[in-house]
4 protein chains.
Amino acid sequence: QPIVNLQDHEHAAQAALGDAAWAYFSGGAADEITLRHNVAAWQNLRLSPRVLQDLRGGHTRCNLLGREWPMPLLVAPMAYQRWAHAEGESGMALAAAAQGCGMVLSHQTSTPLHDVAAMVASDAERGPLWFQLYWLADRGALRDLLAQVEAAGFEALVLTVDAPVHGVRDRERRHGMPLPEGVKAVHWPASDPKNKPSTGLCGGLADAAPTWADVQWLIGQTRLPVLLKGITHPQDAVQAVKLGAAGVIVSNHGGRVLDTLPATAELLPRIVQAVRQHHPQALVVVDGGIRRGTDLFKALALGADAALIGRPALYGLAHAGARGAAHVLRLMRDELEATMALTGCAHIQDIGIDRLWSLESF
Amino acid sequence: QPIVNLQDHEHAAQAALGDAAWAYFSGGAADEITLRHNVAAWQNLRLSPRVLQDLRGGHTRCNLLGREWPMPLLVAPMAYQRWAHAEGESGMALAAAAQGCGMVLSHQTSTPLHDVAAMVASDAERGPLWFQLYWLADRGALRDLLAQVEAAGFEALVLTVDAPVHGVRDRERRHGMPLPEGVKAVHWPASDPKNKPSTGLCGGLADAAPTWADVQWLIGQTRLPVLLKGITHPQDAVQAVKLGAAGVIVSNHGGRVLDTLPATAELLPRIVQAVRQHHPQALVVVDGGIRRGTDLFKALALGADAALIGRPALYGLAHAGARGAAHVLRLMRDELEATMALTGCAHIQDIGIDRLWSLESF
Amino acid sequence: QPIVNLQDHEHAAQAALGDAAWAYFSGGAADEITLRHNVAAWQNLRLSPRVLQDLRGGHTRCNLLGREWPMPLLVAPMAYQRWAHAEGESGMALAAAAQGCGMVLSHQTSTPLHDVAAMVASDAERGPLWFQLYWLADRGALRDLLAQVEAAGFEALVLTVDAPVHGVRDRERRHGMPLPEGVKAVHWPASDPKNKPSTGLCGGLADAAPTWADVQWLIGQTRLPVLLKGITHPQDAVQAVKLGAAGVIVSNHGGRVLDTLPATAELLPRIVQAVRQHHPQALVVVDGGIRRGTDLFKALALGADAALIGRPALYGLAHAGARGAAHVLRLMRDELEATMALTGCAHIQDIGIDRLWSLESF
Amino acid sequence: QPIVNLQDHEHAAQAALGDAAWAYFSGGAADEITLRHNVAAWQNLRLSPRVLQDLRGGHTRCNLLGREWPMPLLVAPMAYQRWAHAEGESGMALAAAAQGCGMVLSHQTSTPLHDVAAMVASDAERGPLWFQLYWLADRGALRDLLAQVEAAGFEALVLTVDAPVHGVRDRERRHGMPLPEGVKAVHWPASDPKNKPSTGLCGGLADAAPTWADVQWLIGQTRLPVLLKGITHPQDAVQAVKLGAAGVIVSNHGGRVLDTLPATAELLPRIVQAVRQHHPQALVVVDGGIRRGTDLFKALALGADAALIGRPALYGLAHAGARGAAHVLRLMRDELEATMALTGCAHIQDIGIDRLWSLESF
Ligand SMILES: Cc1cc2nc3c(=O)[nH]c(=O)nc-3n(C[C@H](O)[C@H](O)[C@H](O)COP(=O)(O)O)c2cc1C
Ligand SMILES: Cc1cc2nc3c(=O)[nH]c(=O)nc-3n(C[C@H](O)[C@H](O)[C@H](O)COP(=O)(O)O)c2cc1C
Ligand SMILES: Cc1cc2nc3c(=O)[nH]c(=O)nc-3n(C[C@H](O)[C@H](O)[C@H](O)COP(=O)(O)O)c2cc1C
Ligand SMILES: Cc1cc2nc3c(=O)[nH]c(=O)nc-3n(C[C@H](O)[C@H](O)[C@H](O)COP(=O)(O)O)c2cc1C
């Protein structure tokens, strides 16, 4: 059967992957309520088109962190992509660049960050190239990593703050994580101080969790703009920007860490409102459950500057390498363009809250 | 099994049609959320009958565009009806006329418009005969077509404005559109300027989309009343009527073009309110998901002057030709009459908003 | 498997009845939305018990139309009970009397009304004995019937006003109504004037529907209290009582006549409120979807004086005759008593609206 | 398959138990609406984490009735645990103590109360040890039992007030209660006066139900703090505390007694509010449907001091004895700790209502 949407890619990936890899890549925390709810929340928003608008010269170009890009969509940071497909993070980076989408490379990348960056950095039509970081208690190691990231040409740093301890992922626990020979997190410290058990919460792991003070230190260490990923509370978002973060990524980690968090489509509006009030220039990005061009359109209509897409890109990679991931992103772009044309939006900045239908909106 | 409702016709049609035709005729955009929601939204409205009313001499006759007709129901414009059944648009026209229902012939009709009109124009007990148009960038071709439409005796023009680019219909894309030998859109331009790719949205297709200025031009070209089909926003409805349109058809194209649009039962009330406020004489018609006499009754109770019915009529045609389509329309009429009698409405104008139950309505 | 609740009786009945009888007895109008919703609406109400109340000497006795009865529950009028089981209406009357429940005999009874009344009239522990009537255009025939009903000892007259024309029951239409040899509506006029087709709604059947004037005439013809059955609008309820009716039965005919009516649990509160305001002594009875003692308790808590139970009693009869119907009613009584004890209500009059939980109720 | 959550334990228990035992232990009243709703109501609450909080030295220790304990979780009183597994109540007590959880021993324990208490009383790291009581009409027998309970070292008395008569448990009624040879309620009076049938509700059983006066008497008879279990109404909660109860357990008996009671997650907030207003020191405990660490976290966030867990602990016991029950409690503790870390709560008292997300909460 021909593949015509992202769900088809998901089915193809499930067929291509082993059980453990499927459990790892597709699974969510606990009862996977947030995982399902992320998808449903975008679907439940209703569009409100205007007809007969002038669409000539329309396009999807957007501005992020002071530069123009072809599309307001980036591939989310995801660990161990070489477990999904031999082309791994390199294939993903090529796919993203080919479709004008950005890429956020995971701290737990299974391909060296220099290799990934080198592959696409000079592509004029590519999207943004960002690096995602988990906090490391060893500040020296952190500084070393920052230096590499900057040298390789990444344009922003994404600090993930929503996973100080491992999530309860039941499906993953059933299967374990039998990483194939040769696949590992190449930039991950062999023996992280995090692993020293103590008497605090979660066998002491929680004691090593980063705090706002650590964030402040990190921002001072790098010339790159820093985004905090995993923000769900408006006050945390405002706090981040106050401390000098360039923006936030509204995310519940794709429902992988803590179950029964609200869907990101529910969280986004109040965070946009809080951030815009005091820091109109700060970036608000969102991810979780985006599976259609209409979903991406709705994220922009709710005020996001851009969105990340996680699992679907991975699924494309899993069953067909870079070509598969590129097809996923291409479908997203085509559907976004069709949604713009059908709602009467020639440009990204035309996509406002008035393009969402609500009982109160007239 | 005997066929007693429109769902039975749907099952019979699915059995009669090939996979590709079934996908084309029954399919909707993307995840088909709006397709399902259209049906559910009528079902979810609750009736509020009054008992012991005087029903003597009751009937379903109604007035549309200055003339009286037997029933406030028309068959919606649907392309390629000869792909569903050899009797095609001619069979559909006969069926509609036989049941006192109107017909809107599609711009993409697979039967010449003169043949269809000639078949029923002189029937005294038939319903309205309207012609549906998509915008053509070639104004000369448009003018030619208008002349033919007027000459053939069509009584109104329906300009569809909700599909400037093709919808994302996944099921249809899986199957393609293998039109049988001899079935084609007989009035469709062989090479539409629309097909010239450019750099705008949707490979440039969006650049050829009509604007309000084009609508104004069109209204000036014809002596027929013009209705805009595919209106979902109250301000667009008001704008249409202000520019001289005779009315609007509240429609999301049966969920075929853009998914996650609101159900038309949700859209209708505010459009009725906005239009009636300034233009009490303008027509408001609705379509999408009408499957029961109670659904039609509810559309009228929400303020519509008439409704269109799409797929079910097609399904009747598909498995039993004109006779099948006529049976569908007959069921609708019988159910409408029963609903009127059981809610205490002797005439169409008795069907008011007070016949719908709501927690606030007392 | 032992039968422990009314659903078990339903399954047993389905197994015992032929397809056509099952379709007739269990079916509802159109998509059976109201049929299902009736049941769900009682289930969705939440109880609010008070603990540690004094329950000594508690009982379920109640007062209806000036007399005390063992239970506020009657069997609803249902046609053709001999089609369900040879013991028919006589068996049903015995079952009801044995459990202290009342019975409303249908105008379309398949057993002569005198036989049914004679069987139980003298039982000291039985419940009320009422007769249900459909309007007949032939007033002479109506007067004759009234005389028989009064003579036989029925204590009230129930005029059903919600079915002036036949409902659209799809399942029944598929199977027809192949009444067995010897089963017929013994008091139904052989040739009702209703059957003379004319040009009005529903082939003219609607022209013979009763009006408020007919109700007034009927009330004047009998010394029995008259209840109107099939009331769903507060103003109709008030109108009925104003014209001299002893009360109303809030009913949507068990979802058999017009689909997408509200559930009776939704309709009841506003009718109770409207009637009580002006006519505190008038009776308000309710039926539709009552399947548990908790449902009956909720009907009383919402202000009903009593409730009718339809299909479940029929199901008991269908598979096990009078014994089966009696078991159904016994289960209802046991569950009502348990609900009273567990919510802290020793007597029927303790069952107030404060025993229903709602977000606003504190 | 490895067991990674409480649902896995449930499946294992169903496989291990006979049909009748399974029906008894897992079943609920009537249609089991409340049973299912208890679980769903916790799931439907959404969490609202704060990131980057200082988590060092975090733990789950809590204070109940004037003493510190390792965890705010106790095993609920459940009858006949030896029917589930030979280790019965002794195994359960060991499991609870091993995980720092408390235990409430049922009045219908199948193991003598002294044996159970002796097993764990001296464990320094155990949780609270409470005894649950049903009211007995024979006050002498009650006084005897109280003396034994106090002597054995139980630290509080839990009087269950929500089951004055037996619930309508359909699944249990289908199977009966074929207690195995040697399993019985060892402290239950052989012939309870309750069993003397009379003419009141429920064959007279309701006449023996306790009243507020009885509660007052009981509180006067013992030096132990008394909690009332089965409270669902704020005014009953306030009344209990006014009469000298140490607190209340908000419970619908796990949906086993009266169906269509609200879920305890819905009941809890208003009871907390009512009790805290006048008696800030009184204990509010909750049970019903707690299956995840997030559920327990939510109970605490809504204001409960602690929660009970019923069936899941029983399921662990049923298929693997004390080891199984301990694993259930361990999973609960691990998940609670992870939830605390991931929401930014280092200590139990940090878990406030602001950690729950709601549309109004900002
Ligand atoms: C297999 C997998 C691995 C992930 N690894 C990381 C990671 O290393 N760092 C991170 O910040 N987020 C990680 N995430 C979360 C994603 O960045 C993103 O927030 C989430 O996948 C978005 O939701 P979606 O998959 O529904 O699009 C991972 C997600 C998946 C599915
Ligand atoms: C197979 C098919 C073809 C259609 N073709 C047209 C068309 O050519 N022009 C148009 O304005 N609408 C077209 N429509 C939309 C219908 O006019 C109408 O809006 C819709 O079918 C109503 O919804 P319903 O099918 O649920 O009744 C088509 C619909 C279907 C199902
Ligand atoms: C098989 C059947 C026959 C019925 N016949 C009559 C009737 O003759 N007259 C009438 O007023 N209602 C009739 N009803 C409606 C019942 O009186 C009652 O309103 C309804 O059954 C209550 O809903 P329940 O079946 O869910 O309890 C009938 C219902 C059924 C199921
Ligand atoms: C098999 C079983 C037996 C029970 N026996 C008692 C009991 O003897 N006394 C009591 O107060 N509650 C009893 N309960 C109710 C529990 O104490 C508790 O309120 C309920 O199980 C909590 O809900 P959960 O099972 O969903 O966690 C019993 C519950 C079950 C499942």
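**View 1. A loop residue of chain A with a positive phi.** C202(A) is found in the loop that runs between helix α8 (170-175) and helix α9 (212-221) of chain A, where helices (H or I, at least four residues) and strands (E, at least two) are DSSP runs numbered from the N terminus. Phi of C202(A) is near 60°, a positive value in a residue other than glycine. C202(A) counts as buried, at 18% relative accessibility, the term buried meaning under 20% relative accessible area, exposed over 50% and partly exposed in between (1.4 Å probe, protein chains only).

The model shown is predicted, so that local features need pLDDT of at least 70 and side-chain atom pairs count only at pLDDT 80 or more, while totals for chains, interfaces and linings use all residues. Residues are numbered from 1 along each chain as its sequence is written, chains are lettered from A and ligands numbered from 1 in the order in which they are written, and side-chain values use heavy atoms, with hydrogens and water left out.

**View 2. A loop residue of chain D with a positive phi.** L52(D) is placed in the loop between β1 (46-47) and β2 (62-64) of chain D. Although L52(D) is not a glycine, its phi is positive, at about 65°, and with 6% relative accessibility L52(D) counts as buried.

**View 3. The surroundings of ligand 2.** Ligand 2 is surrounded by 22 residues, of which the closest are P77(B), S106(B), T160(B), D287(B) and R291(B); a residue is near a molecule if one of its heavy atoms lies within 4 Å of it. By class, this shell has eight nonpolar, nine polar and five charged residues, where Ala, Val, Leu, Ile, Met, Phe, Trp, Tyr, Cys and Pro count as nonpolar, Asp, Glu, Lys and Arg as charged, and the others, Gly among them, as polar. An N or O atom in the side chain of D287(B) is 2.6 Å from an oxygen atom of ligand 2, and one in the side chain of Q132(B) is 3.1 Å from a nitrogen atom of the ligand. A polar side-chain atom of S251(B) lies 3.4 Å from an oxygen atom of ligand 2. Taken alone, ligand 2 exposes 600 Å², and the protein buries 99% of that, with accessible areas from the Shrake-Rupley method and a 1.4 Å probe.

**View 4. Two edge-to-face ring pairs in chain B.** Over all chains the count comes to 32 aromatic pairs, a pair being rings of Phe, Tyr and Trp (its six-membered ring) with centres within 6.5 Å, and with planes under 30 degrees apart counted as stacked, over 60 as edge-to-face and the rest as tilted. F131(B) and F154(B) form an edge-to-face pair, 5.5 Å centre to centre with 75° between the planes. Because F131(B) lies in strand β6 (residues 129-133) and F154(B) in the loop between α7 (139-152) and β7 (156-160) of chain B, the pair ties together parts that are 23 residues apart in sequence. F131(B) is buried, with a relative accessible area of 0%, and F154(B) counts as buried at 2%. The rings of W135(B) and W217(B) have centres 5.9 Å apart and planes at 90°, so this pair is edge-to-face. W135(B) lies in the loop between β6 and α7 of chain B and W217(B) in helix α9 (residues 212-221) of chain B, so the pair ties together parts that are 82 residues apart in sequence.

Technical notes. A polar contact is a pair of N or O atoms within 3.5 Å; within protein, one must be able to donate a hydrogen and the other to accept it, and residues adjacent in sequence count only if both atoms are side-chain atoms.
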